[in-house]
Amino acid sequence: MNADSVAVATRLLTDAQRLRGTRPAYALVTIQKAIALLKGPEDLSLRLTALRAKRDLEMDHAAYDAALRTCQDILGQSAANGDRKALAEDLTVESEIHDRTEGTDLAVDAAKRALVIRRSMNDSAGCANGYIRLLELLSKAGRYSEFKRNYKEAVTSCTDDHCRSRLQFLQGQALVGQDRPADALPILLQAYRSMENARPKDRIDILMAITAAECSLGLWNSAQQHLDLCLGLLRSENVLYSDHRVFGLAALVAEGRGRTAEALAYQKRQFQLRDSLLGERRSVRMASVQALYAISNDQRDLQHLREEFKESTDLLEQERDRGRWGNIMIVTLSTAFTILLLMAIKLRRTMLRERSKNKVIRRQSEEIRQKNLEMERRSLRLAETLMSEEEKEIQLKEIHHRVKNNLQIVSTLLRMQGATSKDQRYAELMRDCQGRLHSMALVHEHIYMHGDLSRVNVKAHVMALADAVVKNYGLQQRVAVDLRISYDQASLDELIPLSLLLNELLTNSAKYAFNGRTNGRITLILKRNAANGECELQFSDDGTGLSQEVFLSKESFGMELVRTLAAQLNGSIQLLTGEGTTLRMLFHPDERPMRKAS
């Protein structure tokens with residue numbers, strides 16, 4: 001029986017491979033049938049082959065949640081199989097799935113485990129590829145200290161020129177990510193020279209990194225030259241409109257060379273292309289998932305009912321056979337009149353019972369047919385409901401994304417307007433307005449990136465806001481920001497006034513508190529009392545200090561805005577005495593209705 005099951009499962013896997021490109025839903029069902037047949041411990045190798053085929057099919061159609069569950073099943077059984085090379089490859093696939101679903105930290109952990117296995121096998125080629133994959137993920141996650149440690153080990157594992165050039169590129173990319181363009185540029189240029197015969201995609205990535213580093217250093221002519229080379233490669237490969245990042249670099253170069261109108265046009269094209277590509281990828285993913293799961297649980301129930309109907313039909317045929325044998329017996333005993341009469345009565349009673357059974361079977365058949373129709377209608381209604389809910393969520397996320405883009409465009413216009421003004425006071429006003437718009441845009445960006453349309457992670461948002469203000473005033477090397485936040489999540493109505501208030505406080509400290517000083521510290525404490533819902537904000541810096549008269553003055557637009565926003569959050573803010581500047585605010589954001597800003 002086991003040999004027959006293996007033969008059937010092998011044939012099913014062959015059929016699934018043939019149907020994979022044209023009928024993915026039936027291919028998936030065929031693979032699941034093969035997996036159900038392979039239950040014995042001696043079938044482990046073939047069962048792993050079937051599970052990997054299922055995982056690859058789910059990945060091809062962007063069903064990443066299902067692919068991740070299948071990958072976990074594979075890893076649980078692959079360890080028992082003893083094939084360490086296959087186990088390392090399965091961990092690499094798991095890392096790729098986590099990377100595609102924005103689970104970068106989990107992707108790093110899986111890549112590390114795969115690398116440990118390859119090192120224990122002395123697989124030099126696998127180790128080199130594993131180090132490159134790990135370094136790419138660490139750079140993407142911003143874990144540069146780990147990047148540095150693993151880079152030293154990777155150098156000893158890479159023996160060919162292409163591998164070493166790839167490592168140089170990753171090192172330069174990591175230095176750019178750490179705001180060290182001067183250190184990154186020579187490394188990137190050397191990597192580019194050594195990768196003249198590499199794939200066009202790798203050369204395009206290096207050229208974009210070189211252009212970004214030269215823009216950070218203000219080397220606009222050189223940046224323009226490398227940008228032109230990058231655009232030429234993109235056009236030759238016919239992929240110019242497949243990566244929106246190149247238009248962002250073009251906008252930076254144009255702005256740096258004083259071509260403001262051209263920079264704005266490039267930036268607008270970048271936003272349009274990014275929105276277009278995002279919408280297209282979502283549509284493709286939705287269509288792929290629908291095609292993959294065209295056969296639902298209700299349809300499997302329908303198949304079960306059909307099997308029951310077949311059993312009932314077989315029973316009817318058996319009963320009919322019995323009736324025919326009864327007729328033969330009557331003909332055989334027709335020689336005896338008395339016996340014939342008795343057999344006729346018996347036959348009549350038998351026929352009445354057969355008719356009753358036939359009626360019962362016909363009634364059951366009709367009920368099964370009605371249930372089949374009802375199952376099909378329920379399947380259609382369920383599919384329509386799921387599509388409607390998913391489309392609504394996508395539309396809401398798209399609205400937040402477009403609001404964020406529009407705010408960024410307005411912020412860019414304000415920056416350009418301020419840069420062209422010779423009036424320092426006017427430029428400062430434009431810069432303050434730009435910071436307020438950026439704080440609101442960050443709220444919509446967090447909603448769009450993390451997918452929760454009703455609650456936003458406050459800690460992540462405040463960290464991004466503080467980092468943006470410090471970088472905007474060039475204080476990242478001089479001022480340390482200490483964030484202590486236990487205020488977990490907030491709604492959009494709460495977060496926008498809170499974000500604007502924190503932006504004003506951070507901007508005020510950045511502009512006035514550390515003039516003439518080489519270092520300083522800003523401390524921000526934000527917490528919520530779970531018992532009564534009251535929230536407390538304490539903001540302080542060790543700068544020159546803020547007087548009570550300036551804090552209460554109505555001529556200071558920034559302080560007036562801070563008090564107004566505190567009132568909107570159903571709270572009040574006060575200046576505490578002591579060294580530097582310390583502000584404390586108690587507020588109740590959950591009380592409804594919240595006060596409107598006047």
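The side chains of aspartate 482 and arginine 484 meet in a salt bridge, with 3.0 Å from N to O; the term stands for a side-chain nitrogen of Lys or Arg within 4 Å of a carboxyl oxygen of Asp or Glu. Arginine 484 is partly exposed, at 48% relative accessibility. The model is a predicted one, in which local features need pLDDT of at least 70 and side-chain atom pairs count only at pLDDT 80 or more, while totals for chains, interfaces and linings use all residues. Residues are numbered from 1 along each chain as its sequence is written, and side-chain values use heavy atoms, with hydrogens and water left out.

A search of the whole structure gives 17 salt bridges. Side chains of opposite charge can pair when their charged atoms come close. Another such pair joins aspartate 56 to arginine 55, at 3.3 Å from N to O. Aspartate 56 is partly exposed, at 27% relative accessibility, whereas arginine 55 is buried, at 5%. Shared partners link Arg52, Arg55, Asp56 and Asp90 into one network of salt bridges. Aspartate 15 and arginine 18 also form a salt bridge, at 3.6 Å from N to O. These two residues, aspartate 15 and arginine 18, are three residues apart in helix α1 (residues 2-19), so about one helical turn separates them. Arginine 18 is exposed, with a relative accessible area of 57%.

For the overall fold, the protein has 21 helices and seven strands; helices (H or I, at least four residues) and strands (E, at least two) are DSSP runs, numbered from the N terminus. Of its 598 residues, 43% count as buried. Among contacts (heavy atoms within 4.5 Å) between residues at least 6 apart in sequence, 63% join residues at least 24 apart.

Buried residues of α11 include Asp202, Ile204, Leu207, Met208 and Cys215. Which helices do the buried residues of α11 pack against? Their partners are α9 (161-177), α10 (181-194), α12 (220-236) and α13 (245-256). After α11 comes glycine 218, with a positive phi near 75 degrees.

A disulfide is a covalent bond between the sulfur atoms of two cysteines. With the cut-off set at a pair of cysteine sulfur atoms within 2.5 Å, a search of the whole structure finds zero disulfides. Cysteine 215 is buried, with a relative accessible area of 10%, and cysteine 535 is buried as well, at 1%.

Accessible areas come from the Shrake-Rupley method with a 1.4 Å probe, and for residues only the protein chains shown count as cover. Phe337, Leu341, Leu342 and Ile345 make a nonpolar surface patch of about 440 Å². Patches are made of residues with over 30% relative accessible area and no salt bridge, joining like charges within 9 Å and nonpolar side chains (Val, Leu, Ile, Met, Phe, Trp, Tyr) within 5 Å. Leucine 341 lies in helix α16 (residues 337-420) and is partly exposed, with a relative accessible area of 47%.

Notes: Buried means under 20% relative accessible area, exposed over 50%, partly exposed in between (1.4 Å probe, protein chains only).
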